[in-house]
Amino acid sequence: MIPPDPIGQFKAALPLVREWVAATLEAYQDQVVPVDPGDYPRLGRIFPDALLKRARVVVVKDNPPFPPLSRMGLPEFTAFEAMPIAGITYRNTFFVKHGQQTESLYFHEIVHIIQWERLGVDHFLLAYGLGLMQSGYRHSPLEAMAYALQDGFDRGELPDNIMELIQQQTDDIWKRAASQL
Ligand SMILES: [Zn+2]
């Protein structure tokens, strides 16, 4: 059943999601490894050193952790909880399913790190949640943006000003989201 005010419900659940993210990062802190630019030389040419040094990776055997949103009062997200995912990013840490550690996926997740840093935790979660509700996973704006840039990475066709571009696109997504919140 669709609740009468899904955006209001998501805003109400925001503290629970934020706490879940913090608790999850804490729970995995012993398994965190850096992004080694020696393993991912193209990333080292595209992104600033300081950003790659801030990025953290956790390789997991099964599906990366996903917040139990249905138990947080958001039943419309139940389908997303069962969705198979290769990688997911929380703040400066991304989780990658074992066997999926490609440079292309790492690129995609680092785009999300930049989005998280640009928006801050609450604005990222609000924009991401709104996008999932309105457009589904693949076409939610923060994902569509990461996938489009990943396509450019895969084809070797990225603009030189990639950091400014990501920040600008992220700001634009937030502006559109904020007008609905
Ligand atoms: Zn993504």
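Which residues in H5 meet residues in H6? The model is predicted, so local features need pLDDT of at least 70 and side-chain atom pairs count only at pLDDT 80 or more, while totals for chains, interfaces and linings use all residues. Residues are numbered from 1 along each chain as its sequence is written.

Ser104, Phe107, His108, Val111, His112, Gln115, Ala127, Tyr128, Gly131, Tyr137, Arg138 and His139 in H5 meet residues of H6, including Pro141, Leu142, Leu149 and Phe153. Contact requires C-beta atoms, placed from the backbone, within 7 Å. Helices (H or I, at least four residues) and strands (E, at least two) are DSSP runs, numbered from the N terminus.

H5 (residues 103-139) and H6 (residues 141-155) pack at about 140°, with axes 5 Å apart. H5 is therefore oblique to H6. Axes are lines fitted to C-alpha atoms, for helices over the stretch in contact, and angles run from 0 to 180 degrees between N-to-C directions. Angles under 35 degrees count as roughly parallel, over 145 as roughly antiparallel, 65 to 115 as roughly perpendicular and the rest as oblique.

An open sheet of 4 strands has the order S1-S2-S4-S3, with mixed pairing. Pairing requires at least two DSSP bridges between two strands. The edge strands are S1 (33-34) and S3 (87-90). S1 is antiparallel to S2 (residues 56-60), over 2 bridges; valine 33 has valine 57 as its bridge partner. S2 and S4 run parallel, joined by 5 bridges. S3 and S4 (residues 93-97) run antiparallel, joined by 4 bridges. H5 packs on this sheet, touching S3 and S4, and its direction makes about 20° with that of S3.

Key
Two residues are in contact if their C-beta atoms, placed from the backbone, lie within 7 Å.
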